[in-house]
Amino acid sequence: MTFKTVAAALVGASVMVGAAGAAQAAFVSPTSVTWENNGSVTDANRTNTNNVMVQDGKFLSLGVGGWAVFDFGYERAASANDGVVVETTFNCVTANDGNCTYSEEADVYVATSWDGSYAAGTPLTGATWTKIASIPNGLAQGGFSFTIPEAFRYIALLDTSTKQVDGFDVDYIAVTPLPAAAWFMLTALGGLVGGRWLRKGRAAQAA
Ligand SMILES: [Ca+2]
Ligand SMILES: [Ca+2]
């Protein structure tokens with residue numbers, strides 16, 4: 001392999017990675033939101049589930065110990081999904097534990113299926129929920145990103161706040177899937193470059 005060929009292959013690789021990166025940044029909002037008011041959220045501006053669809057400062061309050069389930073439409077494969085949650089806390093000053101001094105927190109769960117059921121006091125039912133992250137509100141004002149390590153269709157946020165009656169306030173939630181086609185390109189390219197190096201190595205040995 002000449003130097004020019006190597007350079008061309010590397011330029012090609014960076015273009016492909018760039019394309020994949022752009023695709024990965026495409027945010028997908030939930031197709032529906034199920035939220036159960038636990039009685040502690042009374043402001044009409046905090047009870048609209050559509051508020052989570054756009055990052056705009058309008059939010060859905062979970063209520064202390066409350067929860068919401070976000071349906072992302074269909075089961076998504078185990079690899080290459082990231083999630084992001086934006087929380088709103090006015091005048092947040094982040095303390096050492098990651099919470100604002102006005103602290104609110106939520107745990108993140110995922111499931112591939114959910115029967116839609118819930119029960120007071122045991123909010124996460126009707127599915128095999130797996131906890132994948134905890135979000136302190138001080139780290140979520142600009143967006144808290146987390147990796148989703150397994151297949152999922154549903155994401156649930158369960159409020160774990162201890163003090164503030166309105167609980168964790170969800171301004172925005174989305175997932176950022178990397179399309180299968182992008183993975184295919186990267187894998188194929190990796191094989192191509194690797195194969196060339198391998199052949200070069202063998203040629204050197206033969207000489
Ligand atoms: Ca808040
Ligand atoms: Ca919003």
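Buried residues account for 29% of the 207 residues. Take contacts between residues at least 6 apart in sequence, and 78% of them join residues at least 24 apart.

The mean pLDDT of the chain is 80, and 71% of the residues score at least 70. Among the elements, strand S2 (residues 60–61) has the highest mean, 98, while helix H1 (residues 3–24) has the lowest, 44. Where pLDDT is low, predicted coordinates should not be read in detail.

Now to the sheet. Five strands form an open, antiparallel sheet in the order S1-S3-S8-S5-S6. Strand S1 (32–36) and strand S6 (130–136) each have a single partner strand, so they stand at the edges with one side lacking a neighbour in the sheet. From one strand to the next, the twist averages 20 degrees.

S1 pairs with strand S3 (residues 67–76) over five bridges, in the antiparallel sense. One place to look is Glu36, whose bridge partner in S3 is Trp67. Trp67 then leads onward, with Leu158 as its bridge partner in S8. S3 and S8 run antiparallel and are joined by six bridges. On the next step, strand S5 (residues 105–111) pairs with S8, again antiparallel and over six bridges. Here Tyr109 has Ala156 as its bridge partner in S8.

Seven of its eight residues are buried, so the strand is largely enclosed by the rest of the structure. In soluble globular proteins, nonpolar side chains tend to be buried together. In this model, the largest nonpolar core has 34 residues, and those with the most contacts inside it are Ala68, Tyr154, Ile155, Ala156, Leu157, Val170 and Ile173. At least two residues of this core come from each of S3, strand S4 (81–87), S5, S7, S8 and strand S9 (169–177). S8 gives the most, with six residues. Ile155 shows what such a position looks like up close: leaving aside neighbours within four places in sequence, Ile155 is in contact with Phe70, Phe72, Gly83, Val108, Val110 and Ile173.

Finally, turn to Phe146, which lies in strand S7 (residues 144–148). Is Phe146 buried or partly exposed? A buried residue needs 20 or more other C-beta atoms within 10 Å. Phe146 has 16 C-beta neighbours inside 10 Å, and therefore counts as partly exposed. Which residues does Phe146 touch, not counting those up to four places away in sequence? They are Asp82, Gly83, Val108, Ile132 and Ala133. Gly83 and Val108 are also among the contacts of Ile155. As for Ser134, twelve residues from Phe146 along the chain, the C-alpha atoms of the two are separated by 9.3 Å.

Key. Residues numbered from 1 in each chain as written. Chains lettered and ligands numbered in written order. Buried ≥ 20, exposed ≤ 12 C-beta atoms within 10 Å, placed from the backbone. Contact = placed C-beta atoms within 7 Å. Helix = DSSP H or I, 4+ residues; strand = E, 2+ residues; numbered from the N terminus. Pairing = 2+ DSSP bridges. Axes fitted to C-alpha atoms, helices over the stretch in contact; angles between N-to-C directions. Core = buried A, V, L, I, M, F, W, Y, C linked by C-beta atoms within 7 Å. pLDDT = per-residue confidence, 0-100.
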